[in-house]
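Reader: Could you walk me through one part of this model up close, and show me how it sits against the rest?

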Amino acid sequence: MSAESKGRALFLDRDGTIIVDVGYPRDPAQVALLPGAAEALAALAPHAALVIVSNQSGLARGLITPAEAAAVHARVALLLADAGVAVAGAFYCPHGPDDGCRCRKPAAGLLLDAAAAHDLDLAASIVVGDKPSDVAAGAAAGCRAGLLFAAADAPPEARAAADVVGWPAAAARLLALLA
Ligand SMILES: [Mg+2]
Ligand SMILES: [Zn+2]
């Protein structure tokens with residue numbers, strides 16, 4: 001990372017953005033990177049710290065145990081590492097939508113916690129995710145930009161609403177923003 005880009009983050013939603021969204025993933029065997037994600041993140045990593053920010057309400061709902069969540073996270077990190085992608089950090093909200101927490105996106109808490117832990121410049125940072133709540137969390141945290149992502153095989157309505165469809169396109173857009 002160059003001195004110029006130090007402190008800048010690319011905040012990444014996880015499920016439906018980095019990995020295939022299976023809904024409340026609890027088994028590492030369910031983890032699959034989306035096509036092109038690893039290559040894109042490898043290209044982006046020199047330009048910004050890669051930070052995962054993910055709602056995991058399956059914990060609050062009793063659908064996922066903390067150990068299962070940790071194992072799924074470890075699998076994501078391993079698959080990325082195998083592709084040469086180092087993630088600077090991962091911040092998860094374990095709460096449910098009715099818990100009134102400060103961290104469940106669209107709230108800004110995960111991004112604020114990441115900024116404090118990693119000395120990040122939020123105003124220079126960008127968020128990418130497959131839900132409007134991801135982009136809203138970035139706005140709430142004062143990020144410079146947010147991209148609504150859709151996987152190439154997402155439903156037509158999701159692709160129509162997205163800023164970018166598929167990782168090759170997302171990487172090109174993000175590289176232009178971060179260059
Ligand atoms: Mg998602
Ligand atoms: Zn929370």
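**A close look at one helix**

Author: Let's start at the end of α4, which is followed by glycine 142, a residue with a positive phi, near 85°. Helices here (H or I, at least four residues) and strands (E, at least two) are DSSP runs, numbered from the N terminus. Keep in mind that this is a predicted model: local features need pLDDT of at least 70, side-chain atom pairs count only at pLDDT 80 or more, and totals for chains, interfaces and linings use all residues. Residues are numbered from 1 along each chain as its sequence is written, while chains are lettered from A and ligands numbered from 1 in the order in which they are written.

Now back into the helix. α4 spans residues 132–140, and its buried residues are Asp134, Val135, Ala137 and Gly138. They sit on the same side of α4, because they cover an arc of only 155° around the axis. That arc is taken over the directions from the helix axis to the C-beta atoms. "Buried" means that 20 or more other C-beta atoms lie within 10 Å of the residue's own; 12 or fewer is exposed, in between is partly exposed, and C-beta atoms are placed from the backbone.

So what do the buried residues of α4 pack against? Their partners are β1 (9–12), α3 (109–118), β4 (126–129) and β5 (145–150), with contact meaning C-beta atoms, placed from the backbone, within 7 Å.

Alanine 86 counts as exposed because it has 12 C-beta neighbours inside 10 Å. Leaving out residues up to four places away in sequence, alanine 86 touches Ala45 and Ala81.

Note on methods: Two residues are in contact if their C-beta atoms, placed from the backbone, lie within 7 Å.
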